[in-house]
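Let's walk through this one together, starting with a single side chain and then stepping back to the whole chain.

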Amino acid sequence: MFSTNLEPVHICFDDATITGDEITEILAFLQSNESDNPCGTNELVPVDEKKRRRTISNRESAKRSRLKKKKRFEELTEEVNRLNQRNQELKNRIANVVSCGNFISSENNRLKTESVCLEIRLLELYRFLVAIQSPISTRVNYITELEI
C-alpha cells in the first residue's frame with residue numbers, strides 16, 4: 001500500500017527528527033494493526049467494550065442491591081407493625097388483669113369487713129346464749145351491760 005522507495009526526509013518536531021524510514025515503519029505498524037482488526041478500529045474498542053460491560057454490570061448490581069434493600073425495609077416495616085399490634089394486645093391483656101386484680105382486691109376487703117362484722121355478731125349471740133343458760137344473777141349482769 002505504501003511505497004518504501006522514498007528519499008530520506010527529515011521532519012522536525014521541536015528537537016525531534018523523524019526520517020523517512022521511521023515514517024515508513026510507523027505506516028507499516030499502523031497497516032499491520034488494521035489487518036489484525038478486521039473492523040478497521042483500533043485496540044481501544046475492546047477496552048471501551050469492557051468498560052461499557054462493567055458499567056452495565058455495576059448498574060445491574062446496584063439495582064439488585066436497591067431492590068434487596070427495599071425488600072428488607074418492607075419486611076422490617078411489616079415486622080414493626082406486627083410487633084406493635086402484639087404489644088397493644090399485651091397492653092390490653094395487662095389492663096384487663098389489673099382491672100380484675102383491683103376488683104378482686106376490693107371484693108376481698110369487703111369480705112374481710114363482713115367477716116369481722118359476723119365475728120362480732122357471733123360473739124354477741126354467744127354471750128346471749130351463755131346469759132340465758134346461766135343463773136339469774138348472770139342474766140342481770142348481761143342485761144345491765146347491754147343497757148350501759
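What is the relative accessible area of Glu-89? The value is 36%, so Glu-89 counts as partly exposed (buried means under 20% relative accessible area, exposed over 50%, partly exposed in between, with a 1.4 Å probe and protein chains only). Bear in mind that this is a predicted model, where local features need pLDDT of at least 70, side-chain atom pairs count only at pLDDT 80 or more, and totals for chains, interfaces and linings use all residues. Residues are numbered from 1 along each chain as its sequence is written, and side-chain values use heavy atoms, with hydrogens and water left out.

Stepping back, the protein chain runs β-β-α-α-α along the sequence, with helices (H or I, at least four residues) and strands (E, at least two) taken as DSSP runs numbered from the N terminus.

Now for the salt bridges, meaning a side-chain nitrogen of Lys or Arg within 4 Å of a carboxyl oxygen of Asp or Glu. The count is seven. Glu-89 pairs with Arg-86 at 3.7 Å, N to O; the two sit three residues apart in helix α2, so about one helical turn separates them. Arg-86 is partly exposed too, at 41%.

Helix α2 covers residues 44–133, and Glu-49 and Arg-53 lie four residues apart in it, again about one helical turn. Their side chains meet at 3.4 Å, N to O. Arg-53 is exposed at 52%, while Glu-49 is partly exposed at 25%.

Further along, Arg-110 and Glu-107 form a salt bridge at 2.5 Å, N to O, and they are three residues apart in helix α2.
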